[in-house]
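These are my notes on a few points that I looked up in the structure.

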Amino acid sequence: MSHATELVQRSAWQVVIPDAPQALGLAGGRVFIAGCEGTALAVDSGTGQTVGSQQVEGGLLGIAPSGDGSKAILAGPFGSWLWTIDGGDVVELAGKSWCSVARWANEQRFALATGRYVSVFDQTGELLWKSEQFPSTVTDFSWLGSYRRLAVASYGGVHLVEPRPGGSSTLMPFRGSLLALASTPNGRWIVSGNQDATLQVFRSDKDVRLEMEGYPSKISRVAFDSTGRFLANDGAPEVSVWDFRGKGPSGTAPVLLVPSDRSGDPEIGSFSWHPSKPLIAVGWDDGDCLIYRPTDGVHGKPLGALDQVFAADSSVEALHWGHDGRSIFVAESSGLISRCDVIADEAA
Amino acid sequence: MSFSTEDAATEADRALAMDDRIPVTVLTGFLGSGKTTLLNRVLKEEHGMRIAVIENEFGEIGIDDALIIDSEEEIFEMNNGCICCTVRGDLIRILGELVKRRDKFDRIIIETTGLADPAPVAQTFFVDDEIRSTCRLDAIVTVVDACHALVHLDEVKPVGVENESVEQIAFADRVILNKADLVHEHELEKVEARIRSINHSVQIIRARFADAPLSEILDVGAFDLDRVLEGDPAFLVDTDHQHDLTVTSVGIECEGSLDEERWTLWLRTLLATKGVDIFRSKGILSIDGTDRRVVFQAVHMLLDSDVGKEWGEQARVNRLVFIGRNLDRDELEAGFRSCLVTMAVA
């Protein structure tokens, strides 16, 4: 554990769920937590008061709140559900298929990956469109640009599909198992993290694919910052941050974000970009949560954390920066969920 | 420091007991062999263990009383250009999910379809670091119907089509010879001989209504070669040479130490060029200049090795076995022996 500072004040509030958190979402002033045994909880982000809870059979893998926080999609190995927080209604969405990812396009539509399909629903849970079968279970997908296309990660490449009857489908091929997907806000760059320990970088408007290799293990987390300039990914003991300015990261080296204490070989638990600034919060499995500013780093050289550091009591499973950039919500393996307020101007 | 055999076995057992990774049993078998009956028995027997089952077929009869997760048999080729290196993407995903809930169960059984090639299941445990650090492949158990085994094993397939029942025997650490009560003793012996001609080191357990002792199926530690060899030093080495079979096993036993560089080059070259035909290989080796055994396991081309126990005062005897198709015993032996360190003659 490291040196808690006065720049981040921990424990504005804390709540506990009975199972290990799998995912954490934030919308409409509410924090949403999904637990591995099927506990879903919605709490007021300001007070920590519970505003809704659910329990589903078979566990949960993800949770996706709507923009206003009134609804959330619960995704699990044995099914997916649309949960209306006020009133507690739960609508089953797509049978018993494995579902680990769901994403809202806007208040009216959302998509979820169920087994080898992607489906789009309206806000009431009515099916609007279902894809053709993909080559394997869809591991991730991303809405592109104006929500008229989806980038879908499945074995063999990224499929660009228009989710409407008769819509086009284009494959950007990569012969491998894709685990995670991220796209820039303008939809120009699409990046996959892969089982073969590479990053594959695609241009959605050109037949271009770049490969970043040399990682020691598979890459299962990728995330662009809000501007689309920086990409963060795992796959190494450090978080790698690539700069996509101009022609992209080809020929460059990433900035590496290192834990504060390497003696126990801490692994990356989760990371989250600041909503508007080039800052990233990283939670490690030794409990450390650190804030980094990648622009301070020299490419190819490790970058230590800013002073804003706080220590959790157990492994950090998920974290999410608040929409105002002044708080970070942290979910630990013990089931503890807490809000940490950033009180230094430098980071906030 | 040295160990008696008994001490060493105890040490290996202790090491296994201290290994807190989740043990995983791969259950395979011919269609109609009684695989699901065995699974239901394992689930119902009062052993106090909580078991999660991953299955990718609808069983012959329903499976009761378990956390059962359907998989989709998503077989992926690895990006190394070798067609024999395939893994199961669905298993990686499901195991990754299960380990997060590990306080809810003690072990995992993966039930494969009656016609499935076990290699992609086993290889999944070789290629994913996260799985290797949280799960331990305990054994591959194959259920065989004693009445119909020879028919399945001797079935001639069209050119290019694998006889998967032969592969299931080749990959097995344990064969449950089920419905043994329905077959005469001499027939059973013929079936056992045929099984051993494919995989001489496999342990065969006769059963009726799949009533094999659970201790022979669970916590076998078959992938812990140190442990296996303490119990049966001749485990990897056969005496009955078979040259007339397409799929067979070649055991090599020889005293001495290996030049690490030569051995590594030879094995990697062998698996790179013949990995498609070599289903499984495993062994315990004496490497020149090291005090500890080196243990290796490979499924087709994918290889894993680790440092085992100290040799102590025991004779440094290399023991290894190759199981596969069209194996040339003389070539394998000669290749292996060329890696041995030879003493310079003054």
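Entry 1, strand pairing. In this predicted model, I found strand 23 (residues 230–233) of chain A joined to strand 24 of chain A by 4 bridges, with the two running antiparallel. I noted A:Ala232 opposite A:Val241 of strand 24. The two strands form a hairpin with 5 residues between them. In the turn, A:Gly235 has a positive phi of about 105°.

I then followed strand 24 of chain A to its pairing with strand 25 (residues 255–257) of chain A, which is antiparallel over 3 bridges. Here A:Val239 stands opposite A:Leu257 of strand 25.

Entry 2, burial of strand 24. I asked how many residues of strand 24 (residues 239–243) of chain A are buried. The count is 5 of 5. In a regular strand the side chains alternate between the two faces of the sheet.

Helix 4 (residues 119–127) of chain B is mostly covered, with 8 of its 9 residues buried. Among them I listed B:Pro120, B:Val121, B:Gln123, B:Phe125 and B:Phe126.

A:Cys99 counts as buried because its relative accessibility is 0%, under the 20% cut-off. B:Cys147, at 33% relative accessibility, counts as partly exposed.

Conventions. Residues are numbered from 1 along each chain as its sequence is written. Chains are lettered from A and ligands numbered from 1 in the order in which they are written. This is a predicted model: local features need pLDDT of at least 70, side-chain atom pairs count only at pLDDT 80 or more; totals for chains, interfaces and linings use all residues. Side-chain values use heavy atoms; hydrogens and water are left out. Buried means under 20% relative accessible area, exposed over 50%, partly exposed in between (1.4 Å probe, protein chains only). Two strands pair if DSSP finds at least two bridges between them.
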